[in-house]
Amino acid sequence: MDQEQRYQSPGSTTPADAGLAERPLVRIVDDDPDVRMALAELLESVGIDAAAFASTREWLESGLVDRPGCLILDVRMPGSSGLDLQHHLVRSGDPKPIIFLTGHGDIPMTVQAMKAGAVDFLTKPVRDQTLLDAVAAGIERDRVQRANANAVRRHLDLLAVLTPRERQVLAEVARGRLNKQIAFDLGISQITVKLHRSNVMRKMQASSVGELIRAWEAIPQALRERRS
Amino acid sequence: MVWRLSGGDPAVAEAHGDLDLDPMARALGASNDHRDPVVEETVGARQAGEDRFRMLIHHTPTPLWYVDARDAGEVFERLRAEGVTDIAAHLDAHPELVEIAKDIVLVTEINRAAVALFGAGAATDLIRPVRYLFAATPDMAKRVMVAHFEGRRNYVEQARMATFDGRVRDVVFSVTYPAPPEHLDTTFITMEDITERLRTEAQLRRLQADFAHAARVSMLGELATSIAHEVRQPLAAIVTNAETGLRWLAREEPNLAKARELIGRIAASALRANDIIQRVRSMAAKQEPERLALDLAEVVDEALHFVRHDLDAQGITLLRVDAGELPPVVGDRVQLQQVVVNLLVNGIQAIAQANARERRIELKIDVDGTDAVTLSVHDTGPGVAEADLGCVFDGFFTTKDTGMGIGLSICQSIIAEHGGEIGVTNHPAGGAMFRVSLPVGDDARPGG
């Protein structure tokens, strides 16, 4: 019972009425039907939703549902390998935490997987507790990632309200420059700079300069530039 | 020596263990020492040619029997008169007729080689009803009768003979029926002793099988990782299902239905693991090659279990094309599996060693006309150097970094043993293509 509560805890931080979309879903990709069914059963026994696929292609073609969670992947499967998929996900901007399973985790592959952001690299046969710990860590990591992504999205929305000049001022402030330096660079008065700054603070809903800078820095470089 | 001479009763004379004497002298002695009236009747110029002929027959190295089958012929006439046409069925229904025939058909003359073959102390031991010729292959008597009844000129069968000194010899047994058929007193039987030849062939086969077995064991060694992975999958499922089952049982209200379901799956996975071990065992086992009717597609299915993991590990896609219904081939399941595994491993290694960009093996099973089934394995490796095309099947030829170069040579000897052919070409689209052709077999014979 303790176990179950423990592993439902990532899900239970969401209000019960938040709906299915916030319930964690663990995707399992393993070409062995016995193994993937067993893993799904284990997760379901502790109240975690699981969906099992025979191949990464089958999974990708199934249509991705935007739910928090993580992946359990057999590292070596026919067709595209687990590591390939991991790279693909990182590139596509949905870096779901991955737990790799393998029959024979050789060191170079482990290193590669961990560098690319794998939560864990477990060898088959895997003990239930080991896997559930990794799954809990994976779901938690995704939750943080998703929270960060939400914050970034919110900041981007706010950023869109700034005038080009305000955005310029914000960028300079974030670089740690003083009002007079900014005024000099932009060829405007310090008073005008101060005015822009207070507008930026208000529009970005920041209560301190520190908070403003953190929001700016959370936005990926590419997005900052695209919008300025 | 016993020679039944023209028209008279058999003249009986003992050969007193003199088979090692100068044959000519002994033969002459035989006719001079015994002042048998019948023998004396043969003296004369008219008989000289016949004597020489008989002497030739007597000393010819082929064991020879003259048989008087007139009584059997009469039985046949009677059966025909009664309207019997299917003699085989009739003899099946009346097996006593075969037994009677063994006693009424008489050996009338034999030669030296026949005496030697049967290890007889005296030539007269062989002058008696033919029953003794069928002692070790009793069913053959019926077949000899059927051929006789059907008016055939010859009947040949590989048979076993129980000799008088307790040996069993393998022979090619040939009956020549007389023409015209009414002269049934001149049926003759020859035998060729093929015991040694069969023994040598069996030895060669055993040697070949031993060699194939040794290669198989070494191949299994190379595939150890792959096999371990295959076994580990069901074991992983078993561990997870067992632990999940325990979780369901540990609840305040144990979920028995779930536990039951999971235990069922555990049993299924355990059986699967056992199947894999069984397959490996039969690959590793040293056993006499069998001759069974086999579906080549099934042989390929089983072989794939050994290499599937290696294919995955090397990121190689296997494209398999099967022709629909396949006629069976006759052979040894394990040896043919060995050939398929060998060809696939060969392809995998070719692709891996060349670090080929395109990583694919095409395995095609097809029928070639009505009398052969073919298997081709085409890889996307670098192919075979022109200069090497002629020797890839030679023993100890290899271009690999590791390996003894016995795999393909074993494949060739196995396929040859199955009456088939194996060849290699470079595919126009690149890569090597091995092609095995096996004759369609409609008969599955037991034993090697």
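Predicted model: local features only at pLDDT ≥ 70, side-chain atom pairs only at ≥ 80, totals over all residues.

How many residue pairs are in polar contact between chain B and chain A, counting those with both at pLDDT 80 or more?

Modeller: Between chain B and chain A, 11 residue pairs are in polar contact, with both residues at pLDDT 80 or more. On the side of chain B that touches chain A, the elements giving two or more residues are helix H10 (224–249), helix H11 (256–284) and helix H12 (296–313) of chain B. H10(B) provides the largest share of that side, with 13 residues. Sorted by class, the side of chain B that touches chain A holds 10 charged, eight nonpolar and seven polar residues.

Now to the charges: six salt bridges are counted between chain B and chain A. In one salt bridge, the side chain of Glu243(B) meets that of Arg127(A), at 2.4 Å from N to O.

Stepping back to the whole interface, 25 residues of chain B are in contact with 29 residues of chain A. The two chains, B and A, bury about 2,300 Å² between them, and 50% of that area is on carbon and sulfur atoms. Glu243(B) turns up again here: together with Gln233(B) and Arg247(B), Glu243(B) supplies 26% of the area that chain B buries against chain A, more than any other three residues.

Conventions: Residues numbered from 1 in each chain as written. Chains lettered and ligands numbered in written order. Heavy atoms only, no water. Contact = heavy atoms within 4.5 Å. Buried area = accessible area lost by both parts, 1.4 Å probe. Salt bridge = Lys/Arg side-chain N within 4 Å of Asp/Glu carboxyl O. Polar contact = N/O pair within 3.5 Å; in protein donor to acceptor, adjacent residues only side chain to side chain. Helix = DSSP H or I, 4+ residues; strand = E, 2+ residues; numbered from the N terminus. Nonpolar A, V, L, I, M, F, W, Y, C, P; charged D, E, K, R; others polar.
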